[in-house]
Amino acid sequence: MGGLTKTENNNLQVSKEQQVLMPIAEQYIQLFPEIANDKTFNAKQAIISMALKLKETKDKAGRPAIDVCSRESIMTVTQEVLVKKLDLMKSQAVLLVRGDKLQLQPMYFGNVKRSLELNPFLSHFTFSIIYKDDKVDLEIGEDGGYRVKSHKTSIANIGKDKVLACYANAVTKDGKVYMTELMT
C-alpha cells in the first residue's frame with residue numbers, strides 16, 4: 001500500500017468550515033489543556049466531525065450555515081462541543097441554524113454520555129413502553145419520584161395505537177434503579 005496519489009492528495013483540501021473551526025478549537029485547547037489530555041475524548045476528531053457536519057448544515061433558505069451564522073455563535077458551539085466532549089459523527093448532537101445563530105442540540109447518545117460522565121455511579125438506562133391493558137404497579141419514593149414496582153405486559157397489548165405512557169430508569173452499577181422518569 002503506497003501513499004496517496006497526486007489526484008487523491010488534491011482532493012484532501014481543507015474546507016472553509018475547517019479553516020474557521022480549527023483556530024477556534026486550538027484557542028480553547030490552549031486555555032483548557034485538560035481537553036487535549038483527556039484519554040476518553042479526541043478533541044481534534046470532534047472538531048473535524050463538527051466541520052464536516054457544519055458543511056452539511058443549512059438554514060431554512062438552503063444557505064450554508066458557515067455563511068449565515070455569526071462567528072460568535074460558531075465559537076460558542078465549538079466551545080460547547082469541546083467542553084461537553086461531544087462528537088457529532090457519533091450522533092451525540094446536531095447543528096441547527098436559527099436566524100444568524102448556530103446552535104448545538106444534544107441528542108440521545110450525547111445525553112446518555114453526559115449523564116454517565118456526570119454521575120459515575122450510574123451504569124446504564126432502561127426504557128419501557130406502557131400499553132393499554134398492561135398491569136403496572138407504581139409507587140412514589142421518598143424523593144417524590146415515581147418507581148415502577150412491577151410491569152407486566154402481553155404481546156396482545158403491543159401496538160402503536162395502544163401506547164399509554166413510557167418510563168426510563170437510571171440504573172446504578174450495583175443494578176438498583178436510582179431514578180425513574182415516567183412520561184405520559
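Helices, here, are DSSP runs of H or I with at least four residues, numbered from the N terminus. In this predicted model, helix 7 is the run covering residues 108–118, and R114 and E117 both lie in it, three residues apart, about one turn of the helix. These two residues form a salt bridge in which the closest N and O atoms are 3.9 Å apart, a separation that counts because the cut-off for such a pair is 4 Å. R114 is partly exposed, with a relative accessible area of 23%, and E117 is likewise classed as partly exposed, at 34%. Salt bridges with shared partners link K113, R114 and E117 into one network.

Side chains of opposite charge can pair when their charged atoms come close. K53 and E56 stand three residues apart in helix 4, so about one helical turn separates them. K53 counts as partly exposed at 26% relative accessibility, whereas E56 is exposed, with a relative accessible area of 55%. Another of the salt bridges joins the side chains of D100 and K101, with an N to O distance of 3.4 Å; D100 is partly exposed at 39% relative accessibility, and K101 is partly exposed at 40%.

Two packed helices are described by the angle between their axes and the distance between the axes. For helix 2, residues 16–31, and helix 4, residues 43–56, the axes come within 9 Å and cross at roughly 150°. Helix 2 is therefore roughly antiparallel to helix 4, since angles over 145 degrees are placed in that class. The crossing of this pair is right-handed. On the side of helix 2, the residues that take part are E17, Q18, L21, M22, A25 and I29, and they meet A43, K44, I47, I48, M50, A51, L54 and K55 in helix 4. Sorted by class, this contact of helix 2 with helix 4 has 10 nonpolar, one polar and three charged residues.

Helix 4 also packs with helix 6, residues 71–83, at an angle of about 140° and with the axes 10 Å apart. That angle makes helix 4 oblique to helix 6, because the roughly antiparallel class is kept for angles over 145 degrees. The passage of helix 4 across helix 6 is a right-handed crossing. Here A43, A46, I47 and M50 of helix 4 make the contact with I74, V77, T78, V81 and L82 of helix 6. By class, the contact of helix 4 with helix 6 has eight nonpolar, one polar and no charged residues.

One further residue of helix 4 deserves a look, namely S49. Is S49 buried or exposed? With a relative accessible area of 1%, S49 is buried, because residues under 20% are assigned to that class. When its neighbours within four places in sequence are left aside, S49 is in contact with D87, L88 and M89.

Technical notes: Residues are numbered from 1 along each chain as its sequence is written. This is a predicted model: local features need pLDDT of at least 70, side-chain atom pairs count only at pLDDT 80 or more; totals for chains, interfaces and linings use all residues. Side-chain values use heavy atoms; hydrogens and water are left out. Axes are lines fitted to C-alpha atoms, for helices over the stretch in contact, and angles run from 0 to 180 degrees between N-to-C directions. Helices (H or I, at least four residues) and strands (E, at least two) are DSSP runs, numbered from the N terminus. Angles under 35 degrees count as roughly parallel, over 145 as roughly antiparallel, 65 to 115 as roughly perpendicular and the rest as oblique. A crossing is left-handed if the near helix is turned anticlockwise from the far one by less than a right angle, and right-handed if clockwise. Contact means heavy atoms within 4.5 Å. Ala, Val, Leu, Ile, Met, Phe, Trp, Tyr, Cys and Pro count as nonpolar, Asp, Glu, Lys and Arg as charged, and the others, Gly among them, as polar. Buried means under 20% relative accessible area, exposed over 50%, partly exposed in between (1.4 Å probe, protein chains only).
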